[in-house]
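Please look at the sequence and the structure shown here, then read the points below.

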Amino acid sequence: MWQGRKAIASTSVEDVATALQEVSRNALGTCSVREVSRSLDMPVSTVRKILRNILQCYSFKITYVQELVPADLPKREAFALQFHARMEVDNAWPWNTLWTDEAHFYLQGSVNTQNCRIWARNNPFQMQPLTLHSQKVTVWCGFAAAFILCLFFFEEIGPSGPVTCTVDGKRYESLLRNQLIPALQQRGCVDSTIFMQDGAPPHIATPVKQLLNLHFGNDRTISCHFPTAWPPRLPVLNPCDFWLWGYLKDVV
């Protein structure tokens, strides 16, 4: 006579719950079903049923965030208060801000192995070769609420064509002088633009600071070594970081 599936013992549920509590005490609180299965000498399917159906647990991925140091928090708070105070005086302050940043784009592309699946009767053992030092291009972009500037590439002309070059203070100053300033002058908005940049070393080179002070002054420059200093390790406030680069890398 068929009696159905064997019920899961309450002791097994307690053992899995205890194992889950123990691994939650480590640095990341991570564990795998197979790890619990081996430690308890219990079938993987049973552990999975207990976690999902009885303990109502779900598997979650770790989210990487920008690491902060204790000194960052006061700087963030000071910047937020200063930015808010400027908005109280001038409502157009955030709308006139030109947000800028650089990013690397790798030419060989990438495959998201977490989302990419191949359905077949047999494992095709599909592999994606990756070069050790992949070719890349370094791109600079700036945009405000009313417009977006064209992407500018840091490259030099070599014997076989354009070659990506390292961003240093001299090249960055040249980009601002020969590309950014003329583009803003053409739009007639140099005198109203608030220029923002992060604290990367090329951004705070002496020629760069002199150029920014000449065209934007201390009151319309958001950068290190200026009265309105951009806090370190703060990509969450720059639209280039939390939106633009991710969007562009998804579509190219």
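Where does R233 lie? R233 is in the loop between β7 (221–222) and α7 (239–251). The model is a predicted one, in which local features need pLDDT of at least 70, side-chain atom pairs count only at pLDDT 80 or more, and totals for chains, interfaces and linings use all residues. Residues are numbered from 1 along each chain as its sequence is written, and side-chain values use heavy atoms, with hydrogens and water left out.

**Overall architecture**

- The protein has seven helices and seven strands; these are DSSP runs numbered from the N terminus, with helices being H or I of at least four residues and strands being E of at least two.
- From the N terminus on, the order of elements is α-α-α-α-β-β-β-β-β-α-β-α-β-α.
- The radius of gyration of the protein is 27 Å, well over the 18 Å that the globule rule gives for 252 residues, so the protein is more spread out than a compact globule. This radius is taken over C-alpha atoms, and the globule rule is 2.2 Å times the number of residues to the power 0.38.
- The C-alpha trace of the protein spans about 90 × 50 × 30 Å along its principal axes.
- Of the 252 residues, 32% count as buried; buried means under 20% relative accessible area, exposed over 50%, and partly exposed in between, with a 1.4 Å probe and protein chains only.
- Among contacts between residues at least 6 apart in sequence, 66% join residues at least 24 apart, where contact means heavy atoms within 4.5 Å.

**The five-stranded sheet**

- Five strands form an open sheet of mixed pairing, in the order β3-β2-β1-β6-β7; two strands pair if DSSP finds at least two bridges between them.
- β3 (152–153) and β7 stand at the edges with a single partner strand each, so one side of each is left without a neighbour in the sheet.
- β1 and β2 are antiparallel and pair over eight bridges, and the bridge partner of A103 in β2 is V139.
- β2 and β3 also run antiparallel, joined by two bridges; W140 has F152 as its bridge partner in β3.
- Strand β6 (residues 194–196) runs parallel to β7, and two bridges join them; here F195 has T221 as its bridge partner in β7.
- Seven of the eight residues of β2 are buried, which leaves this strand mostly covered.
- α7 lies across β1 and β2 (136–143), at about 40° to β1; axes are lines fitted to C-alpha atoms, for helices over the stretch in contact, and angles run from 0 to 180 degrees between N-to-C directions.

- L98 belongs to strand β1 (residues 97–106) and is buried, with a relative accessible area of 0%.
- Leaving aside neighbours within four places in sequence, the contacts of L98 include F143, F147, L149, L180, I194 and M196.
- L98 and A145 are 47 residues apart in sequence, and their C-alpha atoms are 8.1 Å apart in space.

- Strand β4 (residues 155–158) pairs with strand β5 (residues 161–164) in the antiparallel sense over four bridges.

**Packing of α2 and α3**

- The axes of α2 and α3 come within 9 Å and cross at roughly 115°.
- The contact is made by V33, R34, V36 and S37 of α2 with V44, V47, R48 and L51 of α3.
- By class, this contact of α2 with α3 has five nonpolar, one polar and two charged residues. Ala, Val, Leu, Ile, Met, Phe, Trp, Tyr, Cys and Pro count as nonpolar, Asp, Glu, Lys and Arg as charged, and the others, Gly among them, as polar.

**Loop residues**

- D41 is found in the loop between α2 (33–40) and α3 (44–54); its phi is near 55°, a positive value in a residue other than glycine.
- At 72% relative accessibility, D41 counts as exposed.
- R233 likewise has a phi near 55°, positive in a residue other than glycine, and R233 is partly exposed, with a relative accessible area of 35%.
- K61, in the loop between α3 and α4 (72–89), counts as exposed at 63% relative accessibility.
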